[in-house]
Protein chains: 2
Amino acid sequence: MSFAEYFPVWDKLDKAQQQMLLDSVTERSAPAGTILYSGGSDCLGLVVVKSGRLRAYSISGEGREITLYRLFERDICLMTSSCMMHNLQFDVNIEVEKDAEFWVIPPAVYRDLTEQSLAAAKYTNDLLATRLSDVMWLMEQIMWQSFDKRLAEFLLEESDMEGTKVLSLTHEKIANHLGTAREVVTRMLRYFQGEEMVRLARGTVELTNTEALSRLTGR
Amino acid sequence: MSFAEYFPVWDKLDKAQQQMLLDSVTERSAPAGTILYSGGSDCLGLVVVKSGRLRAYSISGEGREITLYRLFERDICLMTSSCMMHNLQFDVNIEVEKDAEFWVIPPAVYRDLTEQSLAAAKYTNDLLATRLSDVMWLMEQIMWQSFDKRLAEFLLEESDMEGTKVLSLTHEKIANHLGTAREVVTRMLRYFQGEEMVRLARGTVELTNTEALSRLTGR
């Protein structure tokens with residue numbers, strides 16, 4: 001599969017624009033755990049995911065984390081080129097969550113593209129609107145949802161994503177996804193275990209009653 | 001002052017596009033307290049602020065509120081036309097905070113404009129990037145800042161915006177800006193009063209030591 005097949009508005013670009021992309025894009029790969037991008041001072045470029053999974057997260061002064069959104073195959077990450085978008089002023093971090101292959105488009109090349117191509121500019125609108133919706137959803141969860149619902153929702157999503165009911169996740173990792181302290185996660189997981197919704201073992205959380213967890217989320 | 005002077009990319013539109021806007025835009029005014037827009041099912045159009053002040057906020061199932069951002073003269077609100085942007089999926093509410101005059105561009109007209117005009121599409125990118133940055137900033141505040149800092153920051157901003165150190169704000173109103181309960185606000189304001197940073201009276205909060213409040217925010 002080639003870059004052209006992964007870049008969403010490829011067919012709407014003219015030959016010169018397509019060539020400009022092909023001449024500048026680089027293909028890379030990185031193992032799980034790699035920090036691809038850290039904060040606003042960094043400048044990577046636009047990332048187009050070929051395979052694997054990336055995680056975008058925010059980090060506090062004290063090192064606490066919260067997951068903002070995930071990027072899967074064919075997703076495009078705009079935040080990693082905030083150095084070229086002066087209206088995008090915030091720090092996001094990107095790490096490789098599952099061994100990933102991806103293309104990187106240099107920031108200046110993408111900027112030129114959106115200066116020339118209405119299709120690329122409109123596509124950028126869609127990307128920004130999607131990320132804004134993701135972040136608004138997350139903020140509403142944090143503001144208005146109780147932690148038991150957020151944790152149940154997170155466990156069900158992880159289970160869907162990984163295709164298994166036995167999740168390899170430490171309490172620390174879960175806390176870093178949800179922006180809370182490890183102790184808070186441990187306490188709630190023990191409550192879930194008492195209700196027979198999960199079974200806890202060293203480094204794993206097994207979902208034993210997904211219906212009860214779903215009911216808790218109110219889905 | 002005419003609409004053309006308030007619409008940012010006016011000079012970059014062709015005559016037909018300018019005429020399309022002039023033929024469809026409506027001028028309106030609304031007194032403070034008016035709810036202009038409520039949630040995703042509503043569809044107003046793009047709002048261009050001529051004068052006054054609007055407040056964008058999110059609301060919980062239980063009716064608690066949090067202020068997302070403010071819109072001032074010359075600001076443009078895109079969220080009020082989310083009905084035409086299928087990637088913008090979240091509920092935002094807009095109320096008039098200070099008597100306002102504004103123009104409304106019908107959603108379909110703005111969509112046509114961004115389909116035709118690269119300048120309009122690029123401007124929309126800037127708007128979305130700005131809103132995304134606003135919401136990210138707010139989320140980071142909520143996640144990582146203690147409430148005393150957030151309250152001090154809010155009081156200083158209100159004071160700057162209103163040009164006075166005597167703020168006409170009930171504790172309930174402040175709670176609705178910051179997404180918390182009235183009791184939490186009252187408790188912290190009493191602590192601030194004990195530290196001689198504010199003086200409380202019925203329906204007002206007077207800032208008596210802005211330096212101390214600034215130090216608290218870490219600015």
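**Entry 1**

I began with helix 5 (residues 147–162) of chain A and helix 6 (residues 171–178) of chain A, whose axes come within 11 Å and cross at roughly 110°. The model I am reading is a predicted one. Angles of 65 to 115 degrees count as roughly perpendicular, and therefore I noted helix 5 of chain A and helix 6 of chain A as roughly perpendicular to each other.

I then looked up which residues meet there, and found A:Phe147, A:Arg150, A:Leu151, A:Phe154 and A:Leu155 on the side of helix 5 of chain A, with A:Ile174, A:His177 and A:Leu178 on the side of helix 6 of chain A. Sorted by kind, the residues of this contact are six nonpolar, one polar and one charged.

**Entry 2: helix 4**

Next I turned to helix 4 of chain A, which runs over residues 118–144 and so has 27 residues. From its first C-alpha to its last, helix 4 of chain A reaches 38 Å, and I wrote down that this is close to the 39 Å expected at 1.5 Å a residue. Is this helix mostly covered, or mostly uncovered? I found that helix 4 of chain A is mostly covered, with 21 of its 27 residues buried.

At its N-terminal end I found a cap, A:Ser117, which has a side-chain oxygen 3.3 Å from the backbone nitrogen of A:Ala119.

**Entry 3: A:Pro8**

A:Pro8 sits in the loop between helix 1 (3–6) and helix 2 (15–24) of chain A. Leaving out residues up to four places away in sequence, I saw that A:Pro8 touches A:Ile76 and A:Tyr123. Its relative accessibility is 40%, so I listed A:Pro8 as partly exposed.

**Entry 4: A:Gly203**

I also looked up A:Gly203, which is in the loop between strand 8 (198–201) and strand 9 (204–207) of chain A. Which residues does A:Gly203 contact, leaving aside its neighbours within four places in sequence? I found A:Leu167, A:Ser168, A:Leu169 and A:Thr170. At 37% relative accessibility, A:Gly203 counts as partly exposed. From A:Gly203 to A:Pro8 I noted 195 residues in sequence and 39 Å in space, C-alpha to C-alpha.

**Entry 5: the whole chain**

Last, I stepped back to chain A, which has eight helices and nine strands. Its C-alpha atoms fill a box of roughly 65 × 35 × 30 Å along the principal axes, and 54% of its 219 residues are buried. Among contacts between residues at least 6 apart in sequence, I noted that 69% join residues at least 24 apart.

Methods
Residues are numbered from 1 along each chain as its sequence is written. Chains are lettered from A and ligands numbered from 1 in the order in which they are written. This is a predicted model: local features need pLDDT of at least 70, side-chain atom pairs count only at pLDDT 80 or more; totals for chains, interfaces and linings use all residues. Side-chain values use heavy atoms; hydrogens and water are left out. Axes are lines fitted to C-alpha atoms, for helices over the stretch in contact, and angles run from 0 to 180 degrees between N-to-C directions. Helices (H or I, at least four residues) and strands (E, at least two) are DSSP runs, numbered from the N terminus. Angles under 35 degrees count as roughly parallel, over 145 as roughly antiparallel, 65 to 115 as roughly perpendicular and the rest as oblique. Contact means heavy atoms within 4.5 Å. Ala, Val, Leu, Ile, Met, Phe, Trp, Tyr, Cys and Pro count as nonpolar, Asp, Glu, Lys and Arg as charged, and the others, Gly among them, as polar. The expected span of a helix is 1.5 Å times one less than its number of residues. Buried means under 20% relative accessible area, exposed over 50%, partly exposed in between (1.4 Å probe, protein chains only). A polar contact is a pair of N or O atoms within 3.5 Å; within protein, one must be able to donate a hydrogen and the other to accept it, and residues adjacent in sequence count only if both atoms are side-chain atoms.
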